[in-house]
Amino acid sequence: MHRTYSMRATRAPTASQIQNPPPPPSSTKAHRFFGRGGIGHALRRNTAGAFGPELAKKLSQLVKMEKNVMRSLETVAKERMEVAQQLSLWGEGGDEDVSDVTDKLGVLLYEIGELEDQYVDRYDQYRVTIKSIRNIEASVQPSRDRKQKITDQIAQLKYKEPNSPRIVVLEQELVRAEAESLVAEAQLSNITREKIKAAYTYQFDALREHCEKVAIIAGFGKHLLELIDDTPVTPGETRAAYDGYEASKAIIQDCEDSLTNWVTQNAAVSAKLSTRARTLSQRRRNNIKARTEGHDLSGQDAPLNDRDSWVQAGQHKDEYEDEDEDDIDAPSHSILDSETGLNGENRGRNQEPILA
């Protein structure tokens, strides 16, 4: 009856896996203590961030909630495979066409379960990237606490002992703490933006691939349904012999080929922006690009063309010593005090005569 629960006896990598190698198995697939859902989900959600730094509490809760999502996806994948096997077992006792088609439908449903299992692994890649932001937030919290503690101590001393010499010491410590905090906050800002874009790129790429492949399977599943003869028969009438075994095998093979050869460039669904959304998005990207490139200051000063004014390095010291000895009482002159600026540029300032 052409029984098989996998469309690929040897799991050769698909074109998409060659283009983007799959991540390691999800961390949620092992060391499960509380089983599926229930108390485990509630415990992780309610205790998330309860003992961590204040800054990282909200993101810690998000990370734990995403872990619950992954547990649920893993459960769905396993149960879908079980449903596929049960569908094939149920249809085995039916007529030939029902038996063959339900068996092949079980193959397709089992493949969806395997795709969901692969999606869990890629989803974990997104969650781990989000966790890195949480770790950075936790590392920034001590610098914030230290700065706040010093600020509170200064305020308390100014209230109780306004003339205390310790205030000066604490103010110096506060300057150093603020400098450290500025560095930490800048790192947090930069890493947060970088990791958010990377994390959700992982998630949306994985979701897009998963949905496209599920849509492919659904399309071939409908082709299988066409092999069932649903023409009503009268009591005692015998249906024609089923001759769709080769057709069902060919449909399964075509589905396998479509899944194997799928790559992102061949995606059937594309997100097309409206003219207004595209214009506004492009304006935003241009603004970001302009800020990133900065300003070109290379042509700000003209090059020095008088090469005769250059002297050897060893002569600088004697020259400067002679100038210091001869010009102790001489008034200093600056380029800014002259009528012409650097490179002979007229600054528009005329020297006023000195009145006797």
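This is a predicted model: local features need pLDDT of at least 70, side-chain atom pairs count only at pLDDT 80 or more; totals for chains, interfaces and linings use all residues.

**Fold and helix packing**

Read along the sequence, the chain runs α-α-α-α-α-α-α-α, which amounts to eight helices and zero strands, where helices (H or I, at least four residues) and strands (E, at least two) are DSSP runs numbered from the N terminus. Residues are numbered from 1 along each chain as its sequence is written, and side-chain values use heavy atoms, with hydrogens and water left out.

Let me turn to one helix pair. Helix α5 (residues 166-225) packs with helix α6 (residues 245-261) at an angle of about 170°, their axes being 10 Å apart, and α5 is therefore roughly antiparallel to α6 (angles over 145 degrees count as such; axes are lines fitted to C-alpha atoms, for helices over the stretch in contact, and angles run from 0 to 180 degrees between N-to-C directions). On the α5 side, K213, I216, I217, F220, H223 and L224 meet S248, I251, I252, D254, C255, S258 and L259 of α6.

As for the cysteines, a search of the whole structure finds zero disulfides, a disulfide being a pair of cysteine sulfur atoms within 2.5 Å. C255 is buried at 0% relative accessibility, while C211 is partly exposed at 42% relative accessible area (buried is under 20%, exposed over 50%, partly exposed in between, with a 1.4 Å probe and protein chains only).

Notes: Angles under 35 degrees count as roughly parallel, over 145 as roughly antiparallel, 65 to 115 as roughly perpendicular and the rest as oblique. Contact means heavy atoms within 4.5 Å.
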